[in-house]
Amino acid sequence: MDATGRLEISQGESFIDVKSFFESAPPLKNSDSITQKSSPTCCFGNLLVSGNAKSVGVVCVTSGGTTVPLEQRCVRYIDNFSSGNRGAASTEYFVKAGYAVIFVHRRGSCQPYCRYLPEDSFLEFFEVLNDSEIQVCHPHATVVKKAIKEYHSAVNGGFLLKLPFTTIFEYLQIIQVVATSLSCLGPRGMFYLAAAVSDFYVPWENMAKHKIQSAAGPLDMRLTQVPKMLRILRTDWAPSAFCVSFKLETDSEILLQKAESALRKYQMHVVVANELATYKREVIAVSLDGKISIRKQSEDADVEEQLIKLLVEKHNKYIECCGMG
């Protein structure tokens, strides 16, 4: 912060490199625990015991938006648009398809098996019958019981592991840990990168240590570009994994062009193109095989159901092509 009270954050002429980003980022809390939890042995859980692991894939689903802290002791931050609904819905359909899912999600975002619960206070779902008995109130009883049953079935069956993040620093470090852990699975591993990842951030060493004071006057800052991790995910961290990324635009005229560019530039297997105005109803799966438009089958249906069905088919073909079918 200069003498005038304005915060100056310089932006280089090019992207900061990946190595510099990780070296300067604050250490990831519970890194060892995350590494252990995301190991294939832990991810498969009971599936390994039953001997069915070889027939099941593991997918890392990322969900929700990353935040960009403006202070090291963060009071203010820049947020990213994402409710996490797509990642949560997709996780449910991956589990139904037999995948073990590592759900890397923004804290407080939409969770699998909770999407259809009303937004009212959870306490309103229950009523006290006596001092020792509580029951779910009508009309939510069926929905709540179904959600609880499916959630516990996924967790106890070894199909669901949840890893939370908030900041861009946490997110990218978790992805590195998970990708490194899953690399041993080769083509049976999948990355479904639906999280809204910040394009710009404040480098930790340039960040104010304490709360920025409003009395200092107007706040001017320039943000540094976040290094693109998709390519290093494909080439270094998990080079044999099947990778799906997303491209969201508000301008339909450039959407497919940007998706095709990402497909080539980052060597993705599929890029899911979605427009902000219609992303809940329609997506376009872009791959080297062409473009496939996917729409909701009905008002009550999820577009993710058809999308995951298509991706599972493509993943199975990829596994076969790699000689592991």
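Trainee: Before we start, what pLDDT do local features need here?
Mentor: Residues are numbered from 1 along each chain as its sequence is written, and side-chain values use heavy atoms, with hydrogens and water left out. As this is a predicted model, side-chain atom pairs count only at pLDDT 80 or more, totals for chains, interfaces and linings use all residues, and local features need pLDDT of at least 70.

Trainee: Okay, the open sheet: what is the order of its eight strands?
Mentor: Strands here are DSSP E runs of at least two residues, helices are H or I runs of at least four, and both are numbered from the N terminus. Two strands pair if DSSP finds at least two bridges between them. The pairing is mixed, and the edge strands, S7 (160-165) and S14 (290-295), each pair on one side only. The order reads S7-S4-S1-S8-S11-S12-S13-S14.

Trainee: In which sense do S8 and S11 pair, parallel or antiparallel?
Mentor: S8 covers residues 189-193 and S11 covers 242-249. Met-190 stands opposite Phe-242 in S11. The two strands share four bridges, and the sense is parallel.

Trainee: Which residues does Ala-262 contact, leaving aside neighbours within four places in sequence?
Mentor: Ala-262 sits in helix H9, which packs on the sheet and touches S11, S12, S13 and S14. Ala-262 is buried at 9% relative accessible area; buried means under 20%, exposed over 50%, partly exposed in between, with a 1.4 Å probe and protein chains only. Contact means heavy atoms within 4.5 Å. On that basis the partners are Gln-267, Met-268 and Val-271.

Trainee: What is the length of the polar contact between the side chains of Gln-111 and Lys-162?
Mentor: Gln-111 is in the loop between S4 and S5, and at 14% relative accessibility it counts as buried. A polar contact is a pair of N or O atoms within 3.5 Å; within protein, one must be able to donate a hydrogen and the other to accept it, and residues adjacent in sequence count only if both atoms are side-chain atoms. The Gln-111 side chain has such a contact with His-105 at 3.2 Å. With Lys-162, the value is 2.8 Å.

Methods: Axes are lines fitted to C-alpha atoms, for helices over the stretch in contact, and angles run from 0 to 180 degrees between N-to-C directions.
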